[in-house]
Amino acid sequence: MHIKGKNLEKVPTSHGNGTPLLKKVFLAKDIIPGVTQIAESEFSEICSMKESIHNHPTMWEIYYVLAGKAKYFVGEEIYDVEPGDFIIVPPKTPHYQDIIEAPHRIFYWGLAI
């Protein structure tokens, strides 16, 4: 199976505080069972996303950092991330990020349990 992503484009998101978010979705749940989303996102400004702290009751999120730097708040832990780092967020774990160096670009997977 080969799936080609579209160009990054601004899309509505339930996360964030109005900060511009570019997103490119590669794969959605309708294609592979258990995969809720595979996407690339870009935060184009330095900002705090604390207002958007949230969790996913039935989904793991796996982030791979492509560009920029950020602090990821995952449960009680804080991770300073840069290109090449992975962050894994288990289901039911509150999380958000503060963007330290923009653009901050991530590739991520949502996996339902």
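Colleague: Which residue in S8 is the bridge partner of Tyr64?

Modeller: This is a predicted model, in which local features need pLDDT of at least 70 and side-chain atom pairs count only at pLDDT 80 or more, while totals for chains, interfaces and linings use all residues. Residues are numbered from 1 along each chain as its sequence is written, and side-chain values use heavy atoms, with hydrogens and water left out. Strands are DSSP runs of E with at least two residues, numbered from the N terminus, as are helices (H or I, at least four residues), and two strands pair if DSSP finds at least two bridges between them. Strand S5 (residues 59–74) runs antiparallel to strand S8 (residues 95–112), with 14 bridges joining them, and the partner of Tyr64 in S8 is Phe107.

Colleague: In the hairpin of S5 and S6, which residue takes a positive phi?

Modeller: S5 pairs with strand S6 (residues 77–81) in the antiparallel sense, over 5 bridges. The hairpin has 2 residues between the strands, and the residue whose phi is positive, near 60°, is Gly75.

Colleague: With which residue does Lys71 form a salt bridge?

Modeller: A salt bridge here requires a side-chain nitrogen of Lys or Arg within 4 Å of a carboxyl oxygen of Asp or Glu, and by this rule the count comes to 2. Lys71 is partly exposed, at 29% relative accessible area, where buried means under 20%, exposed over 50% and partly exposed in between (1.4 Å probe, protein chains only). Its partner is exposed, at 56%, and stands opposite Lys71 in S6; the closest N and O atoms are 2.6 Å apart, and the residue is Asp80.

Colleague: How many residues apart are Arg105 and Glu40?

Modeller: The side chains of Arg105 and Glu40 meet in a salt bridge, at 2.9 Å from N to O. This pair links distant parts of the chain, with Arg105 in strand S8 and Glu40 in strand S3 (residues 35–43).
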